[in-house]
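Trainee: I would like to go through some assignments in this structure and hear what each one rests on.

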Amino acid sequence: MLFRRLAVGAAAAVLSALALPAQANTVHTPPGRITVDVVGVNGSGCPQGTAHVAAASDNTSFTVTYSDYLAQAGAGAGGTEFRKNCQLALRVHVPQGFTYAIARADYRGFAHLQRGAFGQERANYYFQGMAQTARTTHQFNGPFTDNWQASDQTEYADLVWAPCGEERNLNVNTELRVYAGTSNPQALSFMSMDSTDGSVSTVYHFAWRECPGA
């Protein structure tokens, strides 16, 4: 029988570099209220109505909550269930004169992996019209039945900034994969990144800059 537990964990995606002019000033958070709108949803890990986005009231981050994001392999799993993905197109509305980058992303989930099986969480994100950043992969090997977590930290100099004075979608891509490997074919392995009560969320943390001439 498939079972789930809520989880906490952290992972961050590695970003490629895009420098702003030297006169851009670093700020902790801009004034006003940041909003994040979902303008596109696609993928087997986030069927319509199962992914929700909310900006933090202090402008430091936004969260994505999934309610049907689970990959599985082994007994009872369909042939395509080993891989689930979600692609979100987000419009982040920021005060005039400021720009942002994604400094860290914290992913949360739970995994039940049989001995010989393994699961992977993959992620990247990029701004509309710009090259995709490198996709990071975090692997968890069975036997494993616990919260999964992984951490990456992007150096400030390597952050990718949204172009000043333009509104471009932030495209967020995530993926879960589970491979049965050498595990017992009569046993089930799974990996989730979802929450039925909204208590488990992916958190994307902002870095802020004041645009030149603002």
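Trainee: Why is the contact between arginine 168 and glutamate 166 called a salt bridge?
Mentor: The term requires a side-chain nitrogen of Lys or Arg within 4 Å of a carboxyl oxygen of Asp or Glu. Here the N to O distance is 2.8 Å, so the pair qualifies. The model is predicted, so side-chain atom pairs count only at pLDDT 80 or more and local features need at least 70, while totals for chains, interfaces and linings use all residues. Side-chain values use heavy atoms, without hydrogens and water, and residues are numbered from 1 along each chain as its sequence is written.

Trainee: What makes lysine 84 buried or exposed?
Mentor: Buried means under 20% relative accessible area, exposed over 50%, and partly exposed in between (1.4 Å probe, protein chains only). Lysine 84 has 11%, so it is buried. Its salt-bridge partner, glutamate 81, at 3.3 Å, N to O, has 23% and is therefore partly exposed.

Trainee: How do you know which class arginine 135 and glutamate 175 fall into?
Mentor: Arginine 135 has 39%, so it is partly exposed; glutamate 175 has 1% and therefore counts as buried. Their side chains meet in a salt bridge at 3.0 Å, N to O. Arginine 135 lies in the loop between strand 9 and strand 10, and glutamate 175 in strand 12, so the pair ties together parts 40 residues apart in sequence. Strands here are DSSP runs of E, at least two residues, numbered from the N terminus.

Conventions
Helices (H or I, at least four residues) and strands (E, at least two) are DSSP runs, numbered from the N terminus.
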